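The following account leads through the structure shown below, taking loops, sheets, cores and helix packing in turn.

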Amino acid sequence: MFERPDVGERAVLVHIEFTAHDDVEDPGEFRELVTSAGVEPVALVTGTRKHPSPRLFVGEGKLEEIRDAMVAHEADVILFNHALSPSQERNIERELKCRVLDRTGVILDIFAQRARTHEGKLQVELAQLEHMSTRLVRGWTHLERQKGGIGLRGPGETQLETDRRLLRERIKSIHKRLEKVRRQRNQGRRARHRADIPTVSLVGYTNAGKSTMFNRLTAATVYAADQLFATLDPTLRRLELPDIGPVVLADTVGFIRHLPHKLVEAFRATLEETADATILLHVIDSHDPRRDDNIEQVESVLAEIGADEIPVLQVFNKIDLLDGFEPRVDRNEEGVPVRVWVSAVTGAGLPLLFDAIAERLAEDVVHHCVVLGPSDGKLRALLHEAGAVLGERYRDNGDVALDVRLENRDWQQLLSRAGLAESRVRLEPPGA
């Protein structure tokens, strides 16, 4: 879909403010998107309208302004910071005799360059094909051609119909292959659930520093760059947390305002890692002036993929860019950590982040000193079998005191298997 030349392309950017619409795009972010796609923005054409023109999106006068900028800067492509309909895209191309892409097309182009794994490439191709299927009419000059020849005489089908049929078949094939990937992912998740290994998923606005944070926390070498959508493929790593044990940390694709719905659909398998997490680390660029808007956009996408009920720990990153700001943990009225201020680049505050993650994961963990008599051997054996015993001390009267730490659910199950009610078990403060 996107044939990229060997040299950098030059683009005229178009950003129109619509007075009838409250939710407008940000031209600064669009420039970052275009730069991330490897394209050089040479001019920005702005304007104001009440509503988009149904035929050309912009007015005739603004179209002339775009044409003048294109000629003056010898631009190769016109990029709109808006969603264009297929007919608008086609009409503008016909008028300007130049390639035109809308915001969705730019994001797709970045995705096409960034995908590294087999699954990521499939997801990108699916999104591209579904986007392309509504724009097939563009550029075709051979629609009157018919199939012919021996065994193929008769009405045949036009080239456009052939292309549409091949497109539908390819989309169906990719859906099948992604379903297979999804089943494999589900098996991995079920295995983690059986082993009671919590999953901590990094989410956040694109370019908030998730991959740098991931690399710092896990000593991994995930591709990290100061670009939008540097990460597309989910990466999982095992991590050991004090008092918690092993957890799985997942790095995921960044979110962006008005992320096209078809991209959310195409990246469902990736985002399922987020929807199935035990806790979400919402990484936020604390230095970004649009910080609050970005937080809202991420929360909106989380609601869209059904992950808005999962506990969240906010991680305000890049404090090294704030003057005189020290790492800290903010707590709510109950004393639970809700916000940690860190720098993934310098490592400042990461010990605080580890402690906060462990504390949030330990909310459903019980830590007891269990005093057992000679007749409570079954519960003692079960606790050792579950790997929940931190320490063991014998007392003069023959009792044994076990320091245990385990999830409350597992504690209740062990009591049930031992045939004991919690009220009949002697509990003391840990270390007693």
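**Loops, sheets and cores**

Lys97 is placed in the loop between helix H3 (86-96) and E4; helices (H or I, at least four residues) and strands (E, at least two) are DSSP runs, numbered from the N terminus. The model is a predicted one, in which local features need pLDDT of at least 70 and side-chain atom pairs count only at pLDDT 80 or more, while totals for chains, interfaces and linings use all residues. Residues are numbered from 1 along each chain as its sequence is written, and side-chain values use heavy atoms, with hydrogens and water left out.

Although Lys97 is not a glycine, its phi is positive, at about 55 degrees. With a relative accessible area of 72%, Lys97 is exposed; the term means over 50%, buried means under 20%, and partly exposed lies in between (1.4 Å probe, protein chains only). Phe57, in the loop between E2 and H2, is another residue other than glycine with a positive phi, near 70 degrees. Phe57 counts as buried, at 4% relative accessibility. As background, most residues other than glycine have a negative phi.

E3 and E4 run parallel and are joined by 3 bridges, and Val77 has Arg99 as its bridge partner in E4.

The largest nonpolar core has 27 residues, and Phe30, Leu33, Leu79 and Leu302 have the most contacts inside it. Such a core is a set of buried Ala, Val, Leu, Ile, Met, Phe, Trp, Tyr and Cys residues joined through side-chain atoms within 4.5 Å. Strand E1 (9-18), helix H1 (27-36), strand E3 (77-80), helix H4 (103-114) and helix H10 (291-304) each supply at least two residues of this core, and H4 gives the most, with 4 residues. Apart from neighbours within four places in sequence, Phe30 is in contact with Leu13, Leu79, Phe80, Asn81, Arg103 and Val106. A second, separate core of 23 residues includes Ala208, Phe214, Ala344 and Leu350.

Helix H7 (residues 210-218) and helix H11 (residues 350-361) pack at about 85 degrees, with axes 11 Å apart. They are therefore roughly perpendicular, a term for angles of 65 to 115 degrees. Met213, Arg216 and Leu217 of H7 make the contact with Leu350, Leu353 and Phe354 of H11.

Elsewhere, strand E9 (residues 312-317) and strand E11 (residues 337-341) pair in the parallel sense over 3 bridges, whereas strand E10 (residues 328-331) and E11 run antiparallel, joined by 4 bridges. The hairpin of E10 and E11 has 5 residues between the strands, and Gly335 there takes a positive phi near 85 degrees.

Key
Axes fitted to C-alpha atoms, helices over the stretch in contact; angles between N-to-C directions. Parallel < 35°, antiparallel > 145°, perpendicular 65-115°, else oblique. Contact = heavy atoms within 4.5 Å. Pairing = 2+ DSSP bridges.
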